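This briefing concerns a single protein chain.

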Amino acid sequence: MAEPAIRHMTLAEFLRWEDGTDARYELLWGVPVAMAPPARAHGMLCARLGGVVDAALRTRRPCSAQTEAGIAWPDRDDTYYVADLAVTCSPYQRGEQLVRDPLLIVEILSPGTERHDRRTKLPVYRDIESVKEILLIDSESTCAEILRREGDHWITELVWGRDAILRLSSVDLQITMAELYEGIDIDAENAA
């Protein structure tokens with residue numbers, strides 16, 4: 001039987017907890033917070049990017065891409081985020097609910113999630129030592145932001161417009177923005 005979330009939880013408690021629904025949750029400072037279902041463009045971008053990233057990793061197994069990837073806040077036991085996509089080279093372990101040692105973390109931005117993704121999740125992702133790149137993709141315009149770790153610094157690269165090429169060094173991938181956004185209706189003013 002499902003147990004109601006009426007008290008703060010540790011990460012271990014959260015990973016065992018079920019509310020009896022199909023809702024997805026993040027754990028924010030010990031409190032489970034329901035996530036709204038993603039818009040169709042969001043899902044299309046995630047599926048398309050996940051497929052090409054995983055294909056690029058085929059010769060680098062055990063490296064793999066995972067959608068709806070569980071990411072824990074380093075040095076905290078009360079926070080768990082769900083990234084749209086993450087890449088790890090840690091071997092698969094049955095029953096695992098967290099992505100260990102992510103190299104790449106992807107968040108697909110929408111008007112309802114952008115503030116949380118940028119202000120809450122992004123600083124935490126940057127604190128994870130294994131992360132080499134963080135990709136933020138806009139679901140309403142052909143725009144992406146790549147944050148790349150270079151030593152102790154983070155460098156930001158903007159990729160803008162349908163003719164631009166998205167390059168991810170952590171997974172050795174290049175894809176045009178036109179290919180990534182194929183079939184997704186973007187307003188002309190946001191298409192660039």
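The points below are grouped by topic. The model is predicted. Strand β5 (residues 102–109) is mostly covered, with 8 of its 8 residues buried. The largest pocket holds about 630 Å³ of space, and the disulfide count comes to 1.

**Strand β5 and its partners**

- Strand β4 (residues 80–88) and β5 run antiparallel and are joined by 4 bridges.
- Within this pairing, valine 87 has leucine 104 of β5 as its bridge partner.
- Strand β6 (residues 133–138) pairs with β5 in the parallel sense, over 6 bridges.
- Here glutamate 107 has leucine 136 of β6 as its bridge partner.
- A right-handed β-α-β unit is made by β5, helix α3 (residues 114–126) and β6.

**Largest pocket**

- The volume of the largest pocket is about 630 Å³.
- Its lining comprises 31 residues, of which Gln66, Glu68, Gly70, Tyr80 and Gln97 are the closest to the centre.
- Two or more lining residues come from each of α1 (11–16), β1 (24–28), β3 (64–72) and β4.
- By class, the lining of the largest pocket contains 15 nonpolar, 10 polar and 6 charged residues.

**Second largest pocket**

- Met35, Ala36, Gly112, Thr113 and His116 are the closest to its centre among the 22 residues that line it.
- The elements β1, β2 (31–35), β4, β5 and α3 each give two or more residues to this lining.
- The lining of the second largest pocket divides into 11 nonpolar, 5 polar and 6 charged residues.

**Cysteines**

- Cysteine 63 and cysteine 89 form a disulfide, with their sulfur atoms 1.8 Å apart.
- The link of cysteine 63 and cysteine 89 is right-handed, with 105 degrees about the S-S bond.
- This pair links distant parts of the chain, 26 residues apart: cysteine 63 lies in the loop between α2 (40–56) and β3, and cysteine 89 in the loop between β4 and β5.
- Cysteine 63 counts as buried because its relative accessibility is 5%, under the 20% cut-off.
- Cysteine 89, at 26% relative accessibility, counts as partly exposed.
- Cysteine 46 is in no disulfide, and the nearest cysteine sulfur, that of cysteine 143, is 18 Å away.
- Cysteine 46 is buried, with a relative accessible area of 10%.
- Cysteine 143 is likewise in no disulfide, and it counts as buried at 14% relative accessibility.

Definitions and conventions: Residues are numbered from 1 along each chain as its sequence is written. This is a predicted model: local features need pLDDT of at least 70, side-chain atom pairs count only at pLDDT 80 or more; totals for chains, interfaces and linings use all residues. Side-chain values use heavy atoms; hydrogens and water are left out. Buried means under 20% relative accessible area, exposed over 50%, partly exposed in between (1.4 Å probe, protein chains only). Two strands pair if DSSP finds at least two bridges between them. A crossover is right-handed if, with the strands pointing away from the viewer, the path from the first strand over the helix to the second runs clockwise. On a 1 Å grid over the protein atoms alone, a cavity is a set of points where a 1.4 Å probe fits but cannot get out, and a pocket is an open set with protein on both sides within 12 Å along at least five of seven lines; lining residues have an atom within 4 Å of a point. Grid points are joined across faces, edges and corners, and a volume is the space filled by probe spheres set on the points. Ala, Val, Leu, Ile, Met, Phe, Trp, Tyr, Cys and Pro count as nonpolar, Asp, Glu, Lys and Arg as charged, and the others, Gly among them, as polar. A disulfide is a pair of cysteine sulfur atoms within 2.5 Å.
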